[in-house]
Amino acid sequence: MTELQKRIYGAFRPADILLPPRGADMKKWCAVACDQYTSEPEYWREFDRFIGEAPSSRRCILPEAFLSDAGADEIESINRTMRDYLYNYLVSVGECMIYVERTLSDGRIRRGVVGAFDLEEYDFSQNSSSLLRSTELTVPERIPPRVTIRREAPIELPHALLLIDDESGEVINNISHADEPIYDFELYGDAGHLKGYRMNEGDTDAFRRALSQMTLREYGGNTSPAFVVGDGNHSLAAAKVLWERTKTLIPKALYETHPARFALVELTNLHDETLDFEPIYRVVKCGDPCALTDAFRRFAKNLHGAFTSQNVKIVYHGGGEEVTVPSPESPLPVGTVQRFIDECESRSMICGVDYIHGLDTAHRLADEEGKVAFIFDGIGKGELFEDVARGGSLPRKTFSMGHATDKRFYCEAKRILTDGELTI
């Protein structure tokens with residue numbers, strides 16, 4: 001192997017994976033990613049009623065729908081529950097990777113591999129050259145709340161999806177899974193089905209070797225990353241920040257093995273036919289939707305960039321229009337809209353922004369008084385690795401991989417604190 005291939009081989013590795021015991025009600029155990037249904041808290045309340053008193057990953061996360069109302073007591077409650085599950089509920093399935101087949105709500109199957117990623121090979125800064133790079137601009141103020149939640153957490157449950165650029169599809173699709181699945185169940189809320197197989201050592205080594213031999217393309221003199229974060233950018237950034245902090249508190253002799261160094265993630269192929277890239281729309285709150293529309297029209301006319309013209313549809317209760325941006329200064333419509341929104345926030349023209357997955361949801365929210373939706377075309381997934389290689393991270397909340405029901409559910413867990421740290 002070349003030195004680069006050795007780094008890729010070592011970057012994604014087996015982990016001591018924890019799961020509920022056999023016979024557990026997995027439908028109640030698995031909660032959808034915490035950054036979903038942020039404008040629909042009733043979804044989470046209905047799920048809470050569904051799980052009742054049963055053990056659930058829901059009690060190990062803080063949905064963003066309730067993030068602004070959460071205090072220290074709630075975070076401590078989450079950490080206590082994690083410790084209880086770690087010692088009294090979750091069971092180790094051993095040092096391994098798990099091959100996952102996720103049947104989506106439309107019946108298609110997304111294939112992936114759950115394992116641990118070495119955070120030393122990850123840098124979320126704008127112009128990173130690391131093996132793993134962020135696909136969206138990381139917002140500094142969004143990281144501290146996640147670090148606060150994670151800092152005393154003894155375990156992590158992943159919703160981050162990492163992507164590889166494997167046009168052949170052979171890296172993941174060639175994985176053997178002849179054994180019986182270690183879990184196989186329906187997900188809550190018509191979200192499909194989840195099935196996982198424990199990979200043996202031979203399959204794991206073959207998979208990692210195939211991964212390390214992928215070709216990293218050159219784009220304008222910039223080498224593409226081996227991996228990009230498809231979902232969960234800020235959660236993974238929080239893990240990185242906390243690992244850098246942990247390094248200042250532990251002896252260097254523990255750097256190679258400390259569990260906080262490795263983040264549990266699912267790896268999937270950008271070219272998997274189930275990965276549908278969709279825009280993440282913006283819905284803002286404002287007192288005068290007509291005045292905001294006029295402001296955007298003026299903003300669009302005053303841009304003097306060299307990118308292809310863009311169209312943005314503005315929708316609000318009782319009205320709306322499509323505005324053409326003739327000379328945008330951002331290559332993507334989302335960048336144009338986000339710059340406008342940032343300027344409006346700085347001038348107090350709006351008083352809140354929601355990042356919305358799904359066109360129907362954006363239109364429904366825009367029909368409420370005082371809300372305005374910005375609708376626009378998204379990025380093509382075939383452009384993702386090239387765009388990240390050429391220009392670094394994309395604007396925050398640029399794209400979504402599918403609808404909320406098709407997002408990753410929290411299933412597997414992994415330690416991120418040692419026994420000694422649990423007693424501090």
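Predicted model: local features only at pLDDT ≥ 70, side-chain atom pairs only at ≥ 80, totals over all residues.
- Helix 1 covers residues 3-11, and within it I8, Y9, G10 and A11 are buried.
- M1 is placed in the segment before helix 1, and M1 counts as partly exposed because its relative accessibility is 43%, a value between the 20% below which a residue is called buried and the 50% above which it is called exposed.
- Leaving out residues up to four places away in sequence, M1 touches K6, Y9, R209 and S212.
- M1 and Y219 are separated by 218 residues in sequence, while their C-alpha atoms are 24 Å apart in space.

- With a relative accessibility of 6%, G230 counts as buried, and its contacts, apart from residues up to four places away in sequence, are L161, L162, L163, F399 and M401.
- From G230 to F374 there are 144 residues in sequence, and the distance between the two C-alpha atoms is 23 Å.

**Two packed helix pairs**

- Two packed helices are described by the angle between their axes together with the distance between those axes.
- Helix 5 (143-151) packs with helix 8, which spans residues 233-247, at an angle of about 60 degrees and with the axes 9 Å apart.
- Helix 5 passes helix 8 in a right-handed crossing, and the contact is made by I143, R146, V147, R150 and R151 on the side of helix 5, and by H234, S235, A237, A238, A239, V241, L242 and R245 on the side of helix 8.
- Sorted by class, the residues in this contact of helix 5 with helix 8 are seven nonpolar, two polar and four charged.
- Helix 9 (residues 289-301) and helix 10 (residues 333-346) pack at an angle of about 120 degrees, with 11 Å between their axes, and this angle makes helix 9 oblique to helix 10.
- The crossing of helix 9 past helix 10 is right-handed, and it brings together L292, A295, F296 and F299 of helix 9 with T336, R339, F340, E343 and C344 of helix 10.
- In the contact of helix 9 with helix 10 there are six nonpolar residues, one polar residue and two charged residues.

**Two buried glutamates in loops**

- E64 lies in the loop between helix 3 (41-51) and helix 4 (72-88), and E64 is buried because its relative accessible area is 19%, which falls under the 20% cut-off.
- The side chains of E64 and R146 are joined by a polar contact of 2.2 Å, and R146 is also one of the residues through which helix 5 meets helix 8.
- Apart from neighbours within four places in sequence, E64 is in contact with C34, D35, T38, R142 and R146.
- E136 lies in the loop between strand 8 (132-133) and helix 5, and with a relative accessible area of 9% E136 is buried.
- The side chain of E136 makes a polar contact of 3.1 Å with the side chain of H234, and H234 belongs to the helix 8 side of the contact with helix 5.
- A polar atom of the E136 side chain also lies 2.8 Å from the backbone nitrogen of K397.
- Not counting residues up to four places away in sequence, E136 touches R142, N233, H234, S393, L394, P395, R396, K397 and T398.

**Loop residues with positive phi**

- Most residues other than glycine have a negative phi.
- D190 is not a glycine, yet its phi is positive, near 55 degrees; D190 lies in the loop between strand 11 (183-186) and strand 12 (193-198), and D190 counts as exposed because its relative accessibility is 72%.
- S348, likewise not a glycine, has a positive phi of about 60 degrees; S348 is found in the loop between helix 10 and strand 20 (353-357), and S348 is exposed, with a relative accessible area of 64%.

Note on methods. Residues numbered from 1 in each chain as written. Heavy atoms only, no water. Helix = DSSP H or I, 4+ residues; strand = E, 2+ residues; numbered from the N terminus. Buried < 20%, exposed > 50% of the residue type's maximum accessible area, 1.4 Å probe, protein only. Polar contact = N/O pair within 3.5 Å; in protein donor to acceptor, adjacent residues only side chain to side chain. Contact = heavy atoms within 4.5 Å. Axes fitted to C-alpha atoms, helices over the stretch in contact; angles between N-to-C directions. Parallel < 35°, antiparallel > 145°, perpendicular 65-115°, else oblique. Left-handed = near helix turned anticlockwise from the far one by under 90°. Nonpolar A, V, L, I, M, F, W, Y, C, P; charged D, E, K, R; others polar.
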